[in-house]
Structure formats: C-alpha cells, structure tokens
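Grab a pencil and open the viewer. Try each exercise on your own before you read its solution.

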Amino acid sequence: MTKVLAITSCPNGIAHTYMAAENLEKAADEMNIDIKVETQGSIGAENELTASEIEEADAIIIAADKAVEKSRFVGKKLVAAGVQEGIRNPKSLIEKALSDDAPVHHGEEGGKREKMPTASEGTKQNPIYRHLMNGVSFMVPFIVVGGLLIAIALTIGGNPGEGGIVIPEDSFWKTIESIGAASFSFMVPILAGYIAYSIADRPGLAPGMIGGYIAANGSFYGSEASAGFLGGIIAGFLAGYVALWIKKIKVPKMVQPIMPIIIIPVFSSLIVGLLFVLLIGAPVAQVFESLTGWLSGMQGTSSILLALILGAMISFDMGGPVNKVAFLFGAAMIGEGNYEIMGPIAVAIAVPPIGLGLATIMFKNKFEQAQQETGKASLAMGFFGITEGAIPFAAQDPLRVIPSIMVGSMTGSVVAMLSNVGDRVAHGGPIVGILGAVDNVIMFFVAIIVGAIVTAFMLKLLRKDVDNPVMEESATVEEEKTNNTPNSKSIEEIKKLTDITNVELIDTDIKANDRDDVIDEMIAKLDANDVLTSKQDFRKAILDREAESSTGIGMNVAIPHGKSDAVKAPRVVFGIQRDGVDWHSADDSLAKLIFMIAVPKHAEGDAHLKILQMLSRKLMDDQFREQLLNVKSEEEAYQLLDQIQ
C-alpha cells in the first residue's frame, strides 16, 4: 500500500494546523493511501514521524506557514506548500507528492538556505537583536552550570582565609570547581558560534566558535587580557556574515556538496581568525579591559547610578529586549570575575513578579479575584527568577504596573549594590541564593524584600479599588449553581465540547451583522452566565487576537478566542448568523457558524488548544456543518454539539 507522511504547521500553531491534518487524512482515506500526519502546533510536535516510517515512505508533504526542519527527509520525494493548501487542496497535494515530477529532497545546495513558504513574513524583528539573542540563549546554560558548580564547591568545600575562600588542591570539591570553570570557558565560543549559526546556518557554526575561542584567548594577539564577550559578539557576527557571503558565491555543481562542510567553514575560519589575530583582537581587548576596570572601580554615587539603570532596564519590559541587554551585561561580567554587577540584576529580576504577588495578598481590594489567583503564580515565578510573571498585570494596566515595578526593581538593585551583593550565576530570584550562588546572601534577600514591598505600596498608591468587591469562593460556587453554569472543570476533565457549554450559551439567531457587534453579543452571553469578571478586558483579548490574524477559518466558520484573567473557567459560546458576517476569512466566505472560546489566562497552554483541536477536526465534516446551519432551536444545536469531542 502506498505510504505518505506529512507535517502541518501554522504560525499560531492552533486551528489551521489541525484542519490541514484532518483534510489530508480524509483525502488519503478516499484515495486508499496510508498517511501519517505530524502536527507541529503551539503544544509542540504531536504524532511524530519515526526514522523507520520515513525510510518506508513513498513521499513527504509539508503543509506549513513557518519553517520546518527537513534534513531528516534527504533522498525522499518532498512537496512543500502553505498550510492553506493542505486545507483546501489536500488531494492534489498528495497526487503531486506521488507523481514522477515530485522533487527529491537533497538538503542544502548551491549555497541557498531552504525556506518554507510563510504567511507571516511581514512580521518585523531587528535581525541584529535576533542573532544576538540566539547566541545568548545558548550561552546562558554554560554560565549557569559553571556558576552553580563553582558556588557549591566554594560553599561546601572551601576554607576561609585572608585571601578569601580557598578550596584545597587535593579536595574532591576542587574537581567540582574545575568542572565549573570548564563550563565557563565555553561561554564566549558558544556565544559567537550561535550568533554565526543564526546568520548563516550550520556553515557558520564552526568559524563562529573558532573566532569566539580566539577572542577569549589574548595569547593569539599578544595581549594579557582577552577581548571577552565583546570580542565574542564581534567574532560571531563577523563569522556569520563572512560565511553567508561565501555561501552566495556561485560555484560549479560538483563543488556544491562540499561547500557547507569544507569550503565555507575553512575559509570563514581563516578569514575571521586572521582578522582577529592581526587587526581586531588587541584593540577590543583593551576596550573590554578598560570597561571591566571601570565597572569594578565604581563606588559611591556612580555605583548607585549603575544600579538604578540596571534595575530600570530589567523591569521595563520584563524579559524583552531591554531586559536582555542588561542581563547579557551582567552575565558577561561573571565571566570576567566581577559578580557585583549580576547581584543587583538578580534582585531586579525577582522584584516585579514577587512585588505584584505580594500586592495581591496585601491589598486585595485593588485586584479582582482572577488577578489574585494570578498573583499566586506570579509569586512562584518570582521565586525562580522569572520576571515574565509580571506580564499579565502589566498587559492589563501598563501605566500603573510598569512604573511600580520599575521603582521597586531600582530600589532593590541599589540596596544590593550598596551591600556588595554578588551573584556567580546568570540567573536571579531567591532560588540562586538558596543554592549558594550569592555573596552576602542575607542582604540579597533583604534587597528583594525591600524592592517587592516598594512595588506593592506603589500599586496601592496608583491603582483604584476594584468596582465589585471580591466574592468568597463559596458564594461564587453557589452562584454558579443558580445560574445553571457548568461546574468549573479542570483541563483534564474536558472530554467534549458540551462539558464547557450549555443551552444558555447558544444563540441560533444572532441579530448583529457586523463582526464586532457579533462579538459583543456573544460576550454578553458569557457575562450573563457569570463567566467573566470584566466584559471590557475579555473583549480586548478577543480583538487583540483578531488583530494578529483573522479567526475566520473559512467554510462559513469563525472561531474567535481570547485568553484573559477576566475569564473564570473555560467556556464556549456558539452562535448562528444565518445571513453571514464578513470575518475576513481566508476563503472569503461569510461566517455563519461562530464559536467563541473563552479561557482563563493561566489555562492557555492546554485548555485553549484542546478546545480548538476538538472544533477544527469536527468542523471539517461538510455534513456536520450543514446540520448545524439547519437547526431550529438551541436545544437541537446542543444535541449536535454534544458530538464534538
């Protein structure tokens, strides 16, 4: 029997991913073809293809709107198309993949980097920042491992002396310290290598790492000091763009196979290495040595100013570009033996989520019930040094939350800087203090506490009391019962659509004929069933999602969905607009069957995807859609929706 494998994926990794998979499976079944589809959605790869299945396959189909790794399919017939092709023309895709004209995948050739067709190429991001962050993301684990191992070795096996803590040479803990130091030694080469990899793909990796190694060893260019992380960044970009330039050179076809494994790495490494040895290394080393010396010598008002700047940067965008620049600066200083820069940063990282969590406990009248629940999660994330725990609050009220967390982080950073708090690990939060990676650990915790308290009182000062007092949990449960709302279910308990909807959440005769008016009408259903704490907040979540891309999936169906702290429990509203509404659908069809999904922010990773998968697969059935359109009552619609699981 003919065997075909497929991969489906869309930029958001939700409905279209599973719709394409469903249609490919249906078309293959009609054609008497064995097919297996791997879906690469937001939840990760599911139904993954195995090496033996790939070996036995007659053809491969990739229906995706984002990059998909294709190296495992070398030697196989492979057809690539957008995800909409998988939804609209699955049969023709299968026929094309099995035809004699289907191209055989040979990997990278001719210096051209393979690229999947994408619907999201208009998304702009600074490429320099993207390449730099790629290097940083691979570098950080080496700093964390090295810093923690050295900190543990010093804490357990070190002996205090006049020159500081020293580990005896014949001690077991000296070996642990050496392993940590080895991890540190990879920092700059890894940074440079993966910057180059981001720019030029695999051919850039070796020259980037070699350039980074040279940058980290001043002996290559006659300097006692190394060029440090600045040199590593320069080496990475230099290696990446040199490799990319060589890749674009046209060469005879017989030379193409050895370009990525011999020609590009060898010549790129030579060019980058010689440039560093002869021209770049010594000047950059001098600049970096001066910078390190200046930072190490900062005292008094200058050190306070630095702490204020670092604290503000860390908290301003909570894990975004500004945060990452300050974090990278602190991580680089660890590699140079200056731990008192990362100390204030480690405090500033933890203050926003802990401060917000503390505020929800201390000043409950300032926060709705859903926000108080989010505050608990925020506290946990702050403990582990995850600044992003503050984002849900900042997204809802940026003008009050962002200034509050900035003031708190700046306060905590100054306390840490004045107390000579040091951090040997490129991470923050109480967890690094507990693991022994922090110098002057008592003041480290004091700085976090002070910063968090300042944040909490700033929020008390700036935020207004919530309009409706928070009900006790028992009252909420009782009201759920009186409203005939389905009991709140955990994600695991959602087995079918009717677990999270009811007759009162169905409207078979929507009157509004404009998209936004339809949205308002359906939100009113949720509000009437006591699903929302704030109609305005949930409406914003819905419209923000629509702004990313239309949720009109075609075939007269729209699935608007929103993730918000204003949602108490997962619910679905179903409505029929018999004349149809313009939802900017991919196939230009008017939306007549409309499903609005509401999920709490904290459940977005599972409930959201599970509901979308249920809907998208069942709605591929033409007969089922026709039956829904022809229902005469809410009760009849409910009976049909009970089939969706």
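This is a predicted model: local features need pLDDT of at least 70, side-chain atom pairs count only at pLDDT 80 or more; totals for chains, interfaces and linings use all residues.

Residues are numbered from 1 along each chain as its sequence is written, and side-chain values use heavy atoms, with hydrogens and water left out.

**Exercise 1. The whole chain**

Task: Work out how many helices and strands the protein chain has, and what share of its residues is buried.

Solution: 
- Step 1. The protein chain then has 24 helices and 15 strands.
- Step 2. Call a residue buried under 20% relative accessible area, exposed over 50%, and partly exposed in between (1.4 Å probe, protein chains only). Of the 645 residues in the protein chain, 52% are buried.
- Step 3. Now look at contacts, meaning heavy atoms within 4.5 Å. Take those between residues at least 6 apart in sequence: 71% of them join residues at least 24 apart.
- Step 4. Finish with the accessible surface, from the Shrake-Rupley method with a 1.4 Å probe. For the protein chain, this surface is about 28800 Å², and carbon and sulfur atoms own 57% of it.

**Exercise 2. Helix 13 against helix 18**

Task: Describe how helix 13 and helix 18 pack, giving the angle and the distance between their axes.

Solution: 
- Step 1. Two packed helices are described by the angle and the distance between their axes. Axes here are lines fitted to C-alpha atoms, for helices over the stretch in contact, with angles running from 0 to 180 degrees between N-to-C directions.
- Step 2. Helix 13 covers residues 342-362 and helix 18 covers residues 441-462; their axes are 7 Å apart, at an angle of about 50°.
- Step 3. Under 35 degrees is roughly parallel, over 145 roughly antiparallel, 65 to 115 roughly perpendicular, and the rest oblique. Helix 13 and helix 18 are therefore oblique to each other.
- Step 4. For the handedness, a crossing is left-handed if the near helix is turned anticlockwise from the far one by less than a right angle, and right-handed if clockwise. Helix 13 makes a right-handed crossing with helix 18.
- Step 5. Who does the touching? On helix 13, the residues include Ala346, Ala350, Ile354 and Leu358; on helix 18, they include Phe444, Ile448, Ala452 and Leu459.
- Step 6. Sort by class: Ala, Val, Leu, Ile, Met, Phe, Trp, Tyr, Cys and Pro are nonpolar, Asp, Glu, Lys and Arg are charged, and the others, Gly among them, are polar. The contact of helix 13 with helix 18 has 17 nonpolar, three polar and no charged residues.

**Exercise 3. Helix 7 and two partners**

Task: Find the angles that helix 7 makes with helix 9 and with helix 8.

Solution: 
- Step 1. Helix 7 (residues 187-200) packs with helix 9 (residues 228-247) at about 30°, with the axes 7 Å apart. Helix 7 and helix 9 are therefore roughly parallel to each other.
- Step 2. Helix 7 passes helix 9 in a right-handed crossing. That contact splits into 15 nonpolar, four polar and one charged residue.
- Step 3. For helix 8 (residues 205-215), the axis comes within 7 Å of the helix 7 axis and the two cross at roughly 150°. Helix 7 passes helix 8 in a right-handed crossing too.
- Step 4. Tyr194 and Tyr197 are among the contact residues of helix 7, with Leu205 and Met209 among those of helix 8.

Note on methods:
Helices (H or I, at least four residues) and strands (E, at least two) are DSSP runs, numbered from the N terminus.
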